[in-house]
Number of protein chains: 2
Amino acid sequence: MDKNLFIGVDVGGTKVAAGLVNEQGEIRSHLRVPMIANGSANDGLGAVLSAISQLLRDGAPVRGIGVCSPGPLDPAAGVILNPPNLPCWRNFPLTDALRKAYPVPVKLDNDANAAALAETRWGAARGYNNVFYATIGTGIGTGIVMDGKIYHGRTGSAGEGGHVSIDYRGPICACGKPGCIEVLASGSAIARRAREKISSGRESSMLALAAQKLDAVSGEVVGKAYAAGDALAREVLIESADMLAVWLSNMIDLLDPEVIVIGGGAAELYRPFFGRLRERVPELTVNPRAREVTIVAARYGAEAGIAGGAAVCT
Amino acid sequence: MDKNLFIGVDVGGTKVAAGLVNEQGEIRSHLRVPMIANGSANDGLGAVLSAISQLLRDGAPVRGIGVCSPGPLDPAAGVILNPPNLPCWRNFPLTDALRKAYPVPVKLDNDANAAALAETRWGAARGYNNVFYATIGTGIGTGIVMDGKIYHGRTGSAGEGGHVSIDYRGPICACGKPGCIEVLASGSAIARRAREKISSGRESSMLALAAQKLDAVSGEVVGKAYAAGDALAREVLIESADMLAVWLSNMIDLLDPEVIVIGGGAAELYRPFFGRLRERVPELTVNPRAREVTIVAARYGAEAGIAGGAAVCT
């Protein structure tokens with residue numbers, strides 16, 4: 001039996017995932033409830049309360065509750081500002097609301113920041129204090145850990161590395177900036193770039209894998225086609241890895257971390273290219289000791305937010 | 001009379017500049033001696049010792065000596081590693097050598113880091129604790145101040161923001177990476193881009209200002225032509241400012257500083273575009289409070305290294 005448990009809550013646009021996490025970062029139980037993101041503030045709060053209450057039902061010795069959600073949010077004040085995916089909450093004091101309901105410490109942080117801390121405390125970056133974490137999925141989120149703590153910056157909005165541009169004349173990101181790494185090398189960007197190449201007439205098995213529907217060429221399809229030896233899928237992924245290498249070398253030149261951790265749903269697409277990243281990134285920095293920076297895969301997958309929530313309240 | 005003075009020493013490839021600085025960051029006296037960068041380690045050391053000894057001659061109450069130089073260097077160990085501009089020193093323990101000669105604390109740091117600290121302590125960023133400083137000259141150097149201290153990273157090589165690329169397919173920087181802001185928007189890059197446009201046949205008064213010698217079109221010539229109303233010079237500078245805006249927005253998204261300070265010999269070229277920068281940078285970030293980040297001109301000019309050296313030893 002675990003003497004101390006922490007509740008990690010991962011709030012997204014469609015679901016709330018929550019779990020009990022022990023002091024070793026092991027997830028002891030977890031559940032999901034639907035998130036009503038388009039309703040009232042109380043609809044959204046209700047989903048979070050429901051998830052937490054179910055976890056508390058069996059009298060687990062819970063010492064804290066950590067919630068993570070997409071930003072922008074104010075981690076110091078515990079306030080959700082105005083995340084595009086959570087229209088129910090505008091300047092909503094989520095931690096205050098939860099503190100009223102439960103007699104334990106409650107913390108709030110950005111999901112990528114929280115996952116970065118979980119990887120530092122319990123995961124792939126264990127033993128390090130200065131970590132750059134990237135989660136690559138539909139978008140690209142990042143978290144910076146310095147001296148073992150999340151780096152928040154002035155307003156709590158630091159660490160938005162997914163919106164660091166490496167192409168000032170490039171495609172416009174959803175955020176409005178050209179050439180963010182998110183619009184170039186995220187899972188959706190990989191799929192978009194594959195579709196563009198197919199549209200331009202390039203041969204590929206990807207279209208067959210997507211039942212001849214161009215719109216159905218997803219990151220997953222690119223990955224499958226690559227695994228089956230498709231040359232165009234390989235080209236798309238190598239280009240993506242090379243963009244990621246420039247971006248990661250930017251992070252080393254600026255932040256000089258000890259370790260780089262890569263997670264997220266689309267990280268699998270990059271796994272065959274980790275060797276290439278480890279080779280190219282040091283060549284692209286002025287840091288004379290860049291080759292010592294380890295590039296590793298994250299420990300936590302889909303449960304990164306649960307572990308992250310728990311990490312921020314330990 | 002100042003009760004406490006600090007010696008700041010700025011070591012470059014051709015000269016050592018050194019000065020006495022008081023606790024208010026005022027430079028009370030300064031001098032230059034030639035640097036023998038191609039000679040032996042002791043030739044280089046001799047230049048530094050000569051500068052310091054001249055400043056000490058009148059019995060000034062010196063409490064510390066701070067040296068800054070181009071990197072790479074190890075600030076914690078006080079060792080110069082292998083700066084391209086200072087071939088005389090390879091893994092040279094400069095602070096140890098100076099401590100043997102003078103009975104006061106001796107510190108060493110990267111020149112841009114040191115200047116960032118001087119601006120934070122005494123200059124344009126006074127009153128702030130989280131500062132992003134850029135010095136734009138032949139190259140672009142940067143320094144990150146967090147919680148009132150220089151951010152050094154794992155190896156002491158953090159804060160090399162001049163080598164953050166915003167153009168992964170762009171021109172190759174001296175460091176080997178494509179599209180570093182240094183190769184796009186430094187003083188030399190502004191001049192190079194002006195020359196390229198002139199070579200391609202564009203009309204401009206710049207060539208006349210450079211006595212019809214294309215090679216003589218320098219950053220200074222671009223600035224003069226702009227001031228006299230030259231349209232091509234204006235185009236080059238606006239493009240430069242817009243690249244700088246993308247780069248600065250990257251810094252806000254990643255670091256979320258309180259203030260951005262811009263100095264260096266080519267900063268003057270950007271002065272007419274500070275309004276444009278202040279307008280565009282917030283539009284290019286996801287930080288909901290980016291508009292609050294002040295963008296200001298540095299206090300220290302050519303003496304930034306002297307003030308910086310003094311700042312790192314106070």
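Author: Start with one pair of residues: A:Ile260 stands opposite A:Ile295, which is in β12(A). This is a predicted model, in which local features need pLDDT of at least 70, side-chain atom pairs count only at pLDDT 80 or more, and totals for chains, interfaces and linings use all residues. Residues are numbered from 1 along each chain as its sequence is written, with chains lettered from A and ligands numbered from 1 in the order in which they are written.

Reader: How many bridges join β11(A) to β12(A)?

Author: First the terms: helices (H or I, at least four residues) and strands (E, at least two) are DSSP runs, numbered from the N terminus. Two strands pair if DSSP finds at least two bridges between them. Here β11 (residues 259-263) of chain A is joined to β12(A) by four bridges, and the two run parallel.

Reader: What is the strand order of the five-stranded open sheet in chain A?

Author: The order is β10-β9-β8-β11-β12, with mixed pairing. β10 (149-150) and β12 (294-297) of chain A are the edge strands, each pairing on one side only. Helix α3 (residues 111-122) of chain A packs on this sheet and touches β8 (131-136), β9 (140-146), β10 and β11 of that chain. Touching means contact: two C-beta atoms, placed from the backbone, within 7 Å. The direction of α3(A) makes about 50 degrees with that of β9(A). For such angles, axes are lines fitted to C-alpha atoms, for helices over the stretch in contact, and the angles run from 0 to 180 degrees between N-to-C directions.

Reader: Which strands form the five-stranded open sheet of chain B?

Author: In order, β3-β2-β1-β4-β7, again with mixed pairing. Neighbouring strands are turned by 20 degrees against each other on average, direction ignored. Helix α11 (residues 304-312) of chain B lies across β1, β2, β3, β4 and β7 of chain B, at about 125 degrees to β1(B).

Reader: How many residues of β8(B) are buried?

Author: A residue is buried if 20 or more other C-beta atoms lie within 10 Å of its own, exposed if 12 or fewer, and partly exposed in between. In β8(B), six of six residues are buried. Both faces are covered, with B:Val131, B:Tyr133 and B:Thr135 on one side and B:Phe132, B:Ala134 and B:Ile136 on the other.

Reader: Which strands pair with β8(B)?

Author: One is β9 (residues 140-146) of chain B, antiparallel over six bridges, where B:Ala134 is partnered by B:Thr142. A hairpin of three residues connects β8(B) to β9(B). Another is β11 (residues 259-263) of chain B, parallel over five bridges; there B:Val131 has B:Val259 as its partner.

Reader: How far apart are the end C-alpha atoms of α5(B)?

Author: The expected span of a helix is 1.5 Å times one less than its number of residues. For the 13 residues of α5(B) (187-199) that should give 18 Å, and the ends are 18 Å apart, which agrees. Its buried residues are B:Gly187, B:Ala189, B:Ile190, B:Ala191, B:Arg193, B:Ala194 and B:Arg195. The elements that cover them include β8 (131-136), α4 (181-185) and α8 (231-255) of chain B. After the helix comes B:Gly201, with a positive phi near 100 degrees.

Reader: At what angle do α5(B) and α8(B) cross?

Author: Two packed helices are described by the angle between their axes and the distance between the axes. The axes of α5(B) and α8(B) come within 10 Å and cross at roughly 135 degrees. That makes α5(B) oblique to α8(B); angles under 35 degrees count as roughly parallel, over 145 as roughly antiparallel, 65 to 115 as roughly perpendicular and the rest as oblique. From α5(B), B:Ile190, B:Arg193, B:Ala194 and B:Lys197 make the contact, and from α8(B), B:Leu232, B:Ala233, B:Val236 and B:Ser240.

Reader: Is A:Gly179 buried or exposed?

Author: A:Gly179 is buried, with 23 other C-beta atoms within 10 Å. A:Gly179 sits in the loop between β10 and α4 (181-185) of chain A. Its C-alpha is 8.3 Å from that of A:His163, 16 residues away in sequence.
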